[in-house]
Amino acid sequence: MKRRNLLASGVAAAALATMGLPALAQNKTKVGFVYVGPVGDGGWTYEHDQARQAVEAEFGDAVETVFVESVPEGPDAERVMTQMALDGADLIFTTSFGYMDPTINVAAKFPDVKFEHATGYKQADNVSVYSARFYEGRAVQGYIAGSMTKSNIIGYIGSFPIPEVIRGINAAYIQAKKVNPDVEFKIVWAYTWFDPAKEAEAATVLIEQGADVILQHTDSTAPQAAAQAAGNVITFGQASDMAEFAPMPRVSSIIDNWAPYYIARTKAVMDGTWTSTSTWDGIGAGMVGIGEISDAVPAEVKAGAEAMRDAIAAGEMHPFTGPLNKQDGSAWLADGETADDGTLAGLNFYVEGIVGDIPQ
Amino acid sequence: MDLSSINPILLLASLMVAATPILLAAIGELVVERAGVLNLGVEGMMITGAVCGFAFATITGSPWLGFVAAALGGAALSLLFGVLTQYLLTNQVATGLALTLFGLGLSALIGQGYIGIKAPAFPDIHVPLLGDIPVIGPIIFQHDPMVYIGLALVAGTYWFLHKTRGGLILRAVGENHDAAHALGYKVIKVRLLAIMFGGACAGLGGAYLSLVRVPQWTEGMTAGAGWIALAIVVFAGWKPWRLLLGAYLFGGVTVLQLNLQAAGVAVPVEYLSMSPYLATIVVLVIMSSGRAPGSLGRIFHASR
């Protein structure tokens, strides 16, 4: 995940200076958070910071949390983590894919400090990895999108062609196609996680080309505003609820809810029961939430979407269930077969029916 | 591939909107640089303008007052740069970069209470008669007023720089500040006015993003538009009309590449993504014969 910001290193340096204050009490558990964007981004980093505040609320005076925002992925991240560890952090959450190698490097130097890396796949004795099955929420979105589109064109704003984003496109397409065989996906790659002007332009272009549903995998609310201006277009909140755009255009959302996980892991450090784990939770464990489906959605579609949400949560339904073919027509999953986590984690192809190439 | 899904009229119409923030910021910076000052803080002034404009527009309910506040906010921030570089003789490059960092932080602070709020609507004006012309009408004559104010600023800047005595003095200050000083012109006063004009224009450009283009406030929402404006000034050879061409070209190719992606054109997306930058650089370099103002970036003090 590249969320580089030319200027963020300066901000990070300023934040570090204020962080260097000595810890007030020795017996407190100190938890550090490294963020890739500003806490006010209204999406990804905002939700991580909400979870940090939940940790503080849960344990009160027993914990102390520190965070550094807008940390560029790369050497700067390593410096920030090292500084946190030197300042006495017991547990450090690094919340972007690009922090993977820096986390492993710093963890090797501080064997007594526990690390938690989001969305990565490299583990160590003191490094756990965790991520959320956002694609489960995408399946529900695809169902609503396919049911509600009148033009049969669904616009999709992608950020970067990485497995996480491609999983989302596939999951949404499979369900949309199921309820509406005529549906077509138009995919635009923005090559950014966060650029409101560019996201607004991408949404406008998709609407001009006939899309009446916009799905986004970028972090700002700009596409929502563009859809609102256009009128009869529906959207879904991304990472955060974006409820200010409900009931139209935002008809539902995927919400990242990290709080239960962060609280559980902090508790484990306090109790001394922390071990290195790999967690990939979805709707069932509450890590992925489906925002309230608004009244703009017809009642029977809403009921169907909620049934799908509950079936996924209960483990009765898997968004990637065969028969499914790859885009080139070769077989992927047989009838009734579900995709294994290994394949999903590295997913790099479209399913049959999606038009266009994945940029390599 | 389905090129028929691209509507050329809508494409040209959205080109003008996409180009306006960069155009506004760039025309201000052009005047600053013609006066011999290099202000790299465009990004910081834009984002400050974006938040000031958004805040005032939501408080007062009037987008027009928002734009006025954005211009004032941008000008105030640029005045800080002006005082530092013109009176305290600080290095212009370093001060400009610092201004960008400061602007980003300040705007995040001011914007705390405005995240997730909607801006008041800023309706398009439908120019009577002209707006009804088929094809051309919707492309050119049915935009929000700021698009036309941007165009008017370019025309006004050209007229001022090349047809008035004030413009001649400003250019003289930029070309050779010692000579201008010897002739009795107030170098520092001229430069301060130019810097404030640049700040006001950058503020307007930022407010165009937060009030019209996006329209909402989010931290860091300019996302590099200020740097592109700076680059366009250089590639346009410090000439207003080429700057207009550069900004429209950049805006146009940006919108076009998204259209081509959505239409499923079989060109690798990476090439489409870099195309706005490439096209703008190539065209402006080919026609460039521009020369930087002689005193650009140099510190002036009357005793030297």
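This is a short tour of the structure above, one selection at a time.

**Before you start.** You are looking at a predicted model, in which local features need pLDDT of at least 70, side-chain atom pairs count only at pLDDT 80 or more, and totals for chains, interfaces and linings use all residues. Residues are numbered from 1 along each chain as its sequence is written, while chains are lettered from A and ligands numbered from 1 in the order in which they are written.

**Stop 1: the domains of chain A.** Colour 8-132 as domain 1 and 134-255 + 289-345 as domain 2; these bounds come from an automatic or database domain assignment. Their centres, taken over C-alpha atoms, are 31 Å apart. Each domain brings 10 residues to the contact between them (two residues are in contact if their C-beta atoms, placed from the backbone, lie within 7 Å). On the domain 1 side, helix 2 (residues 44-59) of chain A gives the most, 3 residues. Helices (H or I, at least four residues) and strands (E, at least two) are DSSP runs, numbered from the N terminus.

**Stop 2: a sheet in chain A.** Now show the open sheet of 6 strands, in the order 2-1-3-4-5-11 and with parallel pairing; two strands pair if DSSP finds at least two bridges between them. Which strands are at the edges? They are strand 2 (63-68) and strand 11 (278-281) of chain A, each pairing on one side only. Next, zoom in on strand 1 (residues 29-34) and strand 3 (residues 91-94) of chain A, which are joined in the parallel sense over 4 bridges. Here Gly32(A) stands opposite Ile92(A).

**Stop 3: the largest nonpolar core.** Finish with a set of 196 residues, where Ile22(B), Ala26(B) and Ile232(B) have the most contacts inside the core. A nonpolar core is a set of buried Ala, Val, Leu, Ile, Met, Phe, Trp, Tyr and Cys residues joined through C-beta atoms within 7 Å; a residue is buried if 20 or more other C-beta atoms lie within 10 Å of its own, with C-beta atoms placed from the backbone. Helix 9 (residues 187-213) of chain B supplies the largest share of this core, 16 residues. Domain 1 and domain 2 of chain A both give residues to this core, so it lies between them. Last, click on Ile232(B): among the residues that Ile232(B) touches are Leu243(B), Phe250(B) and Thr280(B), not counting residues up to four places away in sequence.

Conventions: Buried ≥ 20, exposed ≤ 12 C-beta atoms within 10 Å, placed from the backbone.
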